[in-house]
Structure formats: C-alpha cells, structure tokens
Amino acid sequence: MSDVTRAKHGRPVHHWRRDVIELAALFTAVAVADGVANLIGHGPGGPALLVISAVVLAATAGFHTWWARRHGHAPPTSDTGARPAAGTRSAGPAEQPGDGSDDVADTGALWRMRTTVKDEPGSLAALCAALAERRVDILSLQTHPLADGTVDEFLLRAPGALAAAEMTRAVSLAGGASTWIERADAHDLVDAPTRVLGLAARTALDAAELPLALRQLLGRCSIRSLPGTPVGGGRGPEPVPVEGVLEDTVMRLRAPEGGVLTVERPYLPFTPTEFARARALVELDNRLGPRIPRGHDVLTLPEGNDIAVRRVDTGDLAAAKAMHERCSSRTLGMRYHGPVGDADRYLNHLLSPRFGRTLAAQTTSGRIVGLGHLLWDGDETEVALLIEDDWQQRGIGGELLGRLVAMAMEAGCESVYAVTQASNTGMVAAMRGLGLPLDYQIEEGTLVITARLDTAQVASRAARATTDQRHLGAPARRD
C-alpha cells in the first residue's frame, strides 16, 4: 500500500530519509554532550559554560517548537485527498492489528446544533475553532440573523465518544449562548434549499402534506389546525393577520379555510427565517386550493364483488353523508362513542385534508361503503374506521386500516392510536391483524389501542398488499 493511500486511512507514514536524519542527529547530540562534559569537568570556566549550554538548549527547544507548529504534518495545498489530521480517528473501516495505530475505529455521530452568538467579526471563527479542537467536522452551516445577534445552525459529525455536554460546554466557552443540540440522521445531510423545494413539491401534490411538511421543516413541534367554526359550535379562534404572527416559540398562520394554524416548539424559539419559510409553504397551499392524489385500487371480495379504495376529501361530503344515513345507530355509536346528531359537522372536519387523510371503499356504482381516517392530533396520530352494516365482516376495515398505518409510517409517525369500545370486536380484530406491538388502556369506559409502528413490519405488509390480499382474498389492480 502506498504512503498516500495509508495516509488517507489515518495511518502514519514513515520515510527512511527522515529515520536516517534523526539517527544522525542522535549520534551528534551524544558526541556534543560528551565534549561538553569533558570541558565542564576539566576546564576553568565550567560553570559559565554550563549556563551558556542551558541557554542554547532552551533556545533550540523553542525554535523546534515554533518550526513544528508552522510546518506540521498537514497535507500540502495541492493535495485534494480527504486526509485526516494527525492523531484523528478514521471514519472508515476498523484499523487492522499490527499497523502501528493506537486509535480505535470511530465512525462518528451526526448532531444538529443551534447556538446564538454576537453579530461581530470573529464570533463564528471562535466557534469553529472550539469544535475543531475536539475533532468535530462541520458538514453544513446556516445563519439566521436576529436583531441582537445571529443564530448559527450546524450539522456536525463528531467522534462517537464525544458527549453532547462536552460540545455544548466548548461552544459556550467560545461565546455561544442558548445552545441546543440533538442527534441527527442521514436525512439531515440534504441541504436546506433542496429540502424546502422537496417539501413544497409534496405539499403541491397533496393538501394533507402541509402539517407534515411543516414538521419536517421546523423539527420537533406541535401543529394544530383550528377551524374557523368549531365542530361543536361556539366561538372560533381569534383571527390572525395575513402575514401571520410570530411570538418566540409559537407561530400562528392563517389557514386557507379561514381557521388558524398554530405551530409550537417550546424548547427552541423560531427564527424569522423559519417563520418566512413556514409562511411561504402555507401561502403555496392556500393558492393551490383543495387537492388530493387521484387514482384508486380495485379489490375483489371473496364473493366476487369489486371494491375500489381511493383518497377522498370534502368534495365527497354528499356520498359520505349518505353512507352515514344508511348506517345503524349502533354502528355510528361504535364509531363516535355516542349518538350522532348532525353528521355534516363531523364529516366536514374528518374529510378535510388539513386535518389528515381519508380513504374510502366504494362499490362499482360509486356508493361509499367504508371510511378510514388518519387524523393528525398534535404530536400523535389517530386512526378511525366506519364500515356500513351490510359490508362489515368482509375484510374492508382491515384493508383500510393497513393502508392508513402505511401512510402514517411514510409520514414518520412513531405510533397510531384508535379510540373505540371493548365491545367493538371488529376494530379490535383489525388492530390485532396489523401484527404490530399494541398497548391497551381503558379511559372512562373507552378503549384506547396504541400500535407502535415498526418500519420493517409495516413495509413488509405494504408490499404484500398488492400480492396476496390476505383480508380480501384477491390481488389489487390500480386504475
């Protein structure tokens, strides 16, 4: 292996010429020391000569230190290889035994860090120097100017043994204030403009993506959409101006339907840059109007009937209301946990893509016989099903639920929960049919079932949905 190749893997490079020079210097130093010892021991000016030798030795040591710092082991400017500095650990494969390296392989850890510094020359350089001393690599940097300083947001790769507390302490000593840090992942390696454009494209295709896009843009935050007219009646939220309102850790934006979209992040204040990006996404959503992806899957029931599964929204309100009118009081009571007086108020909210996603199962004649809802509930996600009486126990509910859970997984949800009654054996069986870890809780006579989403299991189930159709007994075809 060549010297350059070994250097790129963090292993020391030895040159035989340097070894010869160092050996010659050693013999020369021994000879000089022997001569000085003879002069001091037999000459009349021994003490003076000893003092002069000490001064010369100190000057030589100082010159060597200066020379080593100025001409270190850094690669020349013409070398474009990714060579780590001396003493650093490699991010590549583990060191092989017997190669002379005492370092242990360290693939490093990704971190996202945000800190506030004074808006003056040298403040950012001091932070970078403090991180470099601890072998922290700065992968990306964003600056958010404020009235009384600048918020610097870093994506870092640090040695795995370096604790977050040590990094924040170093940044604090270098002038950083209000420092926040958390683990990052590979998705954070995408630069900010590319990520924002991708989120805008997703929002343009599907109105239900807006809350998810805001959450991915702003990090961990709670997003609540309050309609202008509450479902239960009464006074709605206070209106906000067109430009929105930013209050430290809370931003309020005007929703397209006249309601209010509230985004809250209690652990970290929003910057004006983040507020402008969020407002731009909401404005894009407002200009495009209601929209959902078109297309549907056709499923064949065991008795031979075809059922189509597709996304629906408020444009399907009349068909959904007609299904409500065909459902029995018991079925509606199971779904809404009590009598339903006015279905319009519930359905208009449930079908709105601003609050989640809705799947419908409909016959070839266009009659909706089943509804499945995936509802964004702050930091949590709720799933709910309603199947018309004559179409129950045919696997439609399980099919809708499986697709809703796959959507939740794609949206990055860690769990989903269903609120039902213990006597609703169909919903309980559908949740158990997911094959996911379940938690059961009884709250005031209501059963809450929470499914913890497992990436591998959900992905496997989604892949099987178009091949075996274990609930419906026939493969799906997309029209």
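**Figure 1. Helices α6 and α7 are roughly antiparallel to each other in this predicted model.** The label follows because angles over 145 degrees count as roughly antiparallel, and these two axes cross at roughly 170°. Helix α6 spans residues 192-205 and helix α7 spans residues 210-218. Their axes come within 9 Å. On the α6 side, the contact is made by R195, V196, L199, R202 and T203. On the α7 side, L210, L212, A213, Q216 and L217 take part. By class, the contact has six nonpolar, two polar and two charged residues.

**Figure 2. The whole chain, for orientation.** The chain has 479 residues. It holds 14 helices and 17 strands. Of the residues, 39% count as buried. The accessible surface comes to about 26300 Å². Carbon and sulfur atoms account for 56% of that surface. Take the contacts between residues at least 6 apart in sequence: 62% of them join residues at least 24 apart.

**Figure 3. Helix α9 has a buried side and another side with exposed residues.** The helix covers residues 317-326. A320, M323 and H324 are buried. These three cover an arc of only 105° around the axis, which puts them on the same side of α9. A318 and E325 lie on the other side of α9. Both A318 and E325 are exposed.

**Figure 4. Helix α10 is largely enclosed by the rest of the structure.** The helix runs over residues 329-336. Six of its eight residues are buried, so the label "largely enclosed" applies. The buried residues are T331, L332, G333, M334, R335 and Y336.

**Figure 5. W391 is a buried residue in a loop.** The loop lies between β13 (380-387) and α12 (396-410). W391 has 10% relative accessibility. That value counts as buried because the cut-off is under 20%. Which residues does W391 touch, not counting those up to four places away in sequence? They are L301, N305, I307, T363, R367, V369 and I396. V369 is 22 residues from W391 along the chain. The C-alpha atoms of W391 and V369 are separated by 6.8 Å.

**Figure 6. Q393 is an exposed residue with a positive phi.** Q393 is found in the loop between β13 and α12. Its phi is near 60°. Most residues other than glycine have a negative phi. Is Q393 buried or exposed? At 72% relative accessibility, Q393 counts as exposed, because the cut-off is over 50%.

**Figure 7. S178 takes a positive phi within strand β4.** The strand covers residues 177-183. S178 is not a glycine, yet its phi is about 50°. S178 is exposed. Its relative accessible area is 64%.

**Figure 8. G176 is buried in the loop between α5 and β4.** Helix α5 covers residues 164-173. The relative accessible area of G176 is 9%. Leaving aside neighbours within four places in sequence, G176 is in contact with T115, T116, V117, L127 and V171. T116 is 60 residues from G176 along the chain. The C-alpha atoms of G176 and T116 are separated by 5.5 Å.

**Figure 9. V405 is a buried residue of helix α12.** V405 has 2% relative accessibility. V383 is 22 residues away along the chain. How many Å separate the C-alpha atoms of V405 and V383? The separation is 8.0 Å.

Definitions and conventions
Residues are numbered from 1 along each chain as its sequence is written. This is a predicted model: local features need pLDDT of at least 70, side-chain atom pairs count only at pLDDT 80 or more; totals for chains, interfaces and linings use all residues. Side-chain values use heavy atoms; hydrogens and water are left out. Buried means under 20% relative accessible area, exposed over 50%, partly exposed in between (1.4 Å probe, protein chains only). Helices (H or I, at least four residues) and strands (E, at least two) are DSSP runs, numbered from the N terminus. The arc is that of the directions from the helix axis to the C-beta atoms. Axes are lines fitted to C-alpha atoms, for helices over the stretch in contact, and angles run from 0 to 180 degrees between N-to-C directions. Angles under 35 degrees count as roughly parallel, over 145 as roughly antiparallel, 65 to 115 as roughly perpendicular and the rest as oblique. Contact means heavy atoms within 4.5 Å. Ala, Val, Leu, Ile, Met, Phe, Trp, Tyr, Cys and Pro count as nonpolar, Asp, Glu, Lys and Arg as charged, and the others, Gly among them, as polar. Accessible areas come from the Shrake-Rupley method with a 1.4 Å probe; for residues, only the protein chains shown count as cover.
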